[in-house]
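Please keep the sequence and the structure in view while reading.

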Amino acid sequence: MGLSWRHHAPATPPDLAGVRVLVCNSGVRVDASTIGRFEGSLILTTTSGVDHIDVAAATARGVTVARCPLARREPVVQHALGELVALMRRWPALQSAARKGHWARGDLPGLQPRGLDESTVVVVGVGVIGARMVEVLRVFGADIIGVDPAGVPDGVRAMSLDEALPLADAVTLHCQLSATSDGLITAERLDLLAGHAVVVNTARGGVLDVEAAVERVRDGRLGGVAVDVFPTEPWPSLADGARVSGVRFTPHGAGFTRRLGHKVSREAALALQAWASGQP
């Protein structure tokens with residue numbers, strides 16, 4: 001493509017003179033000040049989200065912001081699906097009983113495990129990853145409700161969040177972090193859910209009130225919660241929350257597989273090729 005490269009390790013790019021393209025990851029804050037020093041036309045993040053980039057400032061300067069959501073799409077969907085199944089089938093309670101030497105088959109009627117084919121799943125955010133989640137859930141026969149101001153795929157019931165939550169057996173979060181989604185799933189909204197419902201967050205940490213969700217699982221007001229992304233990372237209450245049966249914590253690893261670096265490199269290269277040739 002005729003491009004030369006300069007690599008900078010700091011969290012804020014120190015020298016942007018002559019730079020046409022800025023490629024960064026989520027550890028680099030591309031704020032309005034940085035964009036003000038940027039004379040190029042493309043900012044490409046190797047991540048799925050763009051909350052570390054001031055997109056409004058970039059747009060105002062005519063700078064395109066691009067991302068790499070496909071590299072992590074399949075593993076994130078698989079991770080979220082696995083957590084949904086684990087929580088809905090009440091595996092945490094069954095594993096806890098097994099560790100105590102208790103054969104819990106007789107407990108199953110009380111635990112009320114659910115299958116996806118007999119459940120309503122609310123997908124919050126139906127973009128690149130959320131739309132794929134919808135496709136997978138359809139295979140399992142779930143009744144799907146989509147919550148996304150930008151619209152939902154054909155065949156999916158569209159509702160507002162507050163309309164959808166009381167109907168949910170499960171909620172899976174796949175939205176970007178923005179001014180409208182920050183703090184989206186509050187304690188009050190968790191209280192709209194049925195007591196058996198489960199919540200899975202593989203989106204962004206700021207979307208869900210983690211402490212409120214854990215409290216409701218502990219008190220029996222929520223069926224379970226699985227969290228891969230946290231408002232602060234590492235999450236300071238990691239051990240305390242993970243001790244609650246029905247709470248599953250993972251360390252922001254849903255999108256990671258052994259070939260992630262290869263996939264990100266390929267997607268970034270394809271994005272740069274498109275930019276260099278004037279394609280979308």
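Strand 8 and strand 9 (residues 224-227) pair in the parallel sense through 4 bridges; two strands pair if DSSP finds at least two bridges between them. Strands (E, at least two residues) and helices (H or I, at least four residues) are DSSP runs numbered from the N terminus. Within this pair, Val199 lies opposite Val225 of strand 9. The chain passes from strand 8 to strand 9 by way of helix 9 (residues 210-218), and this β-α-β crossover is right-handed. Right-handed means that, with the strands pointing away from the viewer, the path from the first strand over the helix to the second runs clockwise.

The model is predicted: local features need pLDDT of at least 70, side-chain atom pairs count only at pLDDT 80 or more, and totals for chains, interfaces and linings use all residues. Residues are numbered from 1 along each chain as its sequence is written, and side-chain values use heavy atoms, with hydrogens and water left out.

| Strand pair | Residues | Bridges and direction |
|---|---|---|
| Strand 7 and strand 8 | 170-173 and 198-201 | 4 bridges, parallel |
| Strand 8 and strand 9 | strand 9: 224-227 | 4 bridges, parallel |

Are the two faces of strand 8 buried or exposed? Both are covered: Val198 and Val200 on one side, and Val199 and Asn201 on the other, are all buried (under 20% relative accessible area, with a 1.4 Å probe and protein chains only). In a regular strand the side chains alternate between the two faces of the sheet.

Val199 touches, among others, Leu87, Leu190, Leu193, Leu208 and Ala226, where contact means heavy atoms within 4.5 Å. Val199 is also among the residues with the most contacts inside the largest nonpolar core, which has 34 residues. Such a core is a set of buried Ala, Val, Leu, Ile, Met, Phe, Trp, Tyr and Cys residues joined through side-chain atoms within 4.5 Å. Helix 9 gives this core its largest share, 5 residues. A second, separate core of 24 residues includes Leu87 and Ala226.

Conventions:
Buried means under 20% relative accessible area, exposed over 50%, partly exposed in between (1.4 Å probe, protein chains only). Lists of a residue's contacts leave out its neighbours within four places in sequence.
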